[in-house]
Amino acid sequence: MTKKLLIASRIERIEHLSAQVKRFSVRPVHRPTFPDTTPGSHVLVRHKNGLLRSYSLCGGTEDPGLYQFAVLRETDGKGGSVAFHDNTAEGDSIHVSYPTASLPLHPEANSHVFIAGGIGVTPFVPLALAAQQRGHSATLHYAVRTASAAAFKPTLQAIPRLAMELYASDQNQRLDVAAVVSGLAPEQHLYVCGPPRLLDAAGKAAQAAGLNGRVHLESFSGLDAAEANSGDPFTAYLSLSKRTVDVPANKSLLQALRSSGSGLDVDSSCEGGVCGACRVTLLGGDAVHRDICLTPREREQNIITCVSRGKGTITLHL
Ligand code: FES
């Protein structure tokens with residue numbers, strides 16, 4: 001994703017929702033409104049220090065000039081969350097991408113069950129609001145480590161007709177993912193967002209119950225570094241610069257492009273195939289897609305360089 005696709009914005013408000021979660025409200029600087037969003041969308045956000053991160057939008061759609069996202073402070077993360085928590089103030093400049101609808105309500109469903117793990121709850125605020133506006137029924141299962149970490153509980157409780165079950169590990173309340181999945185009514189769709197263990201459990205339960213088409217997962221991690229940076233060697237031909245870059249077995253395409261000496265500046269954020277920041281146009285060749293952010297259609301003409309690879313030679317619009 002290139003810098004010109006980012007919208008210059010300003011942080012209007014920062015709220016502490018819990019000890020570890022802050023909610024940021026931002027407005028565009030040079031335009032009256034942001035692009036329309038589909039509930040369940042995420043955006044890439046570039047911090048003033050240059051770090052690019054992916055966050056789900058967690059506000060309603062009634063004010064088109066306002067985007068909201070929330071950040072969990074993770075001291076053992078890659079530095080983005082700490083920068084947002086410790087080095088960000090109201091009034092700061094920030095850049096925000098166009099939104100991507102990563103976890104939309106299924107168009108044929110009118111009854112929805114949501115499972116959220118921790119900060120994975122954020123997309124369910126706009127999704128629950130959208131369900132309510134459409135007159136659909138919605139139930140949220142919200143799992144947190146401690147009751148005090150349920151940062152979005154008051155926001156969610158204010159949404160009419162949303163049924164919410166809270167599970168706090170410190171109070172020995174356990175979410176039984178398999179039971180939720182197997183208990184889905186025929187007309188219901190399930191949406192899950194949270195850490196890999198939660199998604200894995202939901203995916204396996206959905207497969208066992210034959211419900212794959214009605215279970216929608218959103219991860220915020222993706223491949224780990226060891227998986228992302230390995231695979232069969234291949235070659236990338238760069239059509240604009242007319243260069244060839246060899247990608248060895250122990251490097252990702254993104255790493256090979258950056259170390260090729262070609263001066264290429266490919267953005268990245270999660271480096272696990274989740275956020276889409278490192279997407280590059282694919283012009284030809286056999287790609288081995290390993291991301292979890294592109295649709296099958298998008299994969300025909302794009303490749304996620306931090307995790308995906310090629311067979312033989314692939315051609316990139318670089
Ligand atoms: S950097 Fe996030 S998908 Fe590649």
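Select V192 and L217 to begin: V192 stands opposite L217 of strand 12. Strand 11 (residues 188–194) and strand 12 are joined in the parallel sense by five bridges; two strands count as paired if DSSP finds at least two bridges between them. Helices (H or I, at least four residues) and strands (E, at least two) are DSSP runs, numbered from the N terminus. The model is a predicted one, in which local features need pLDDT of at least 70 and side-chain atom pairs count only at pLDDT 80 or more, while totals for chains, interfaces and linings use all residues. Residues are numbered from 1 along each chain as its sequence is written, and side-chain values use heavy atoms, with hydrogens and water left out.

Select helix 2 next. Contact means heavy atoms within 4.5 Å. This helix is mostly covered, with seven of its 10 residues buried: F124, V125, P126, L127, A128, A130 and A131. Buried denotes under 20% relative accessible area, exposed over 50%, and partly exposed in between (1.4 Å probe, protein chains only). The cover over the buried residues of helix 2 includes helix 3 (153–157). Just after the helix, G135 takes a positive phi of about 75 degrees.

Now display the largest nonpolar core. A nonpolar core is a set of buried Ala, Val, Leu, Ile, Met, Phe, Trp, Tyr and Cys residues joined through side-chain atoms within 4.5 Å. Of the 28 residues in this one, F114, F124, L140, Y142, F152 and L156 touch the most other members. Strand 8, helix 2, strand 9, strand 10 and strand 11 each supply at least two residues, and helix 2 gives the most, with six.

**Helix 5**

At 1.5 Å a residue, its 13 residues should span 18 Å, and the end C-alpha atoms are 18 Å apart, which agrees; the expected span is 1.5 Å times one less than the number of residues. Colour L198, L199, A202, A205 and A206, which are buried. Seen down the axis of helix 5, the buried residues fall within an arc of 135 degrees, so they line one face of the helix; the arc is that of the directions from the helix axis to the C-beta atoms. These buried residues pack against strand 8, helix 4 (177–182), strand 11 and strand 12. On the other side of helix 5, R197, K204, Q207 and A208 are exposed. G210, just after the helix, has a positive phi of about 65 degrees.

**Two loop residues**

Most residues other than glycine have a negative phi. Select R161, in the loop between helix 3 and strand 10: its phi is near 70 degrees, a positive value in a residue other than glycine. At 59% relative accessibility, R161 counts as exposed. Then select N172, in the loop between strand 10 and helix 4. N172 is not a glycine either, yet has a positive phi of about 55 degrees; it is exposed, with a relative accessible area of 67%.

**Strand 3**

Finish at strand 3 (residues 41–46), where six of six residues are buried. Both faces are covered, with S41, V43 and V45 buried on one side and H42, L44 and R46 buried on the other. Strand 3 pairs with strand 4 (residues 52–56) in the antiparallel sense over five bridges. The two form a hairpin with five residues between them, and G50 in the turn has a positive phi of about 100 degrees. R46 has L52 as its bridge partner in strand 4 and H95 as its bridge partner in strand 6. Strand 6 (residues 93–97) runs antiparallel to strand 3, joined by two bridges. Two bridges also join strand 3 to the antiparallel strand 7 (residues 100–101), where T100 stands opposite H42.
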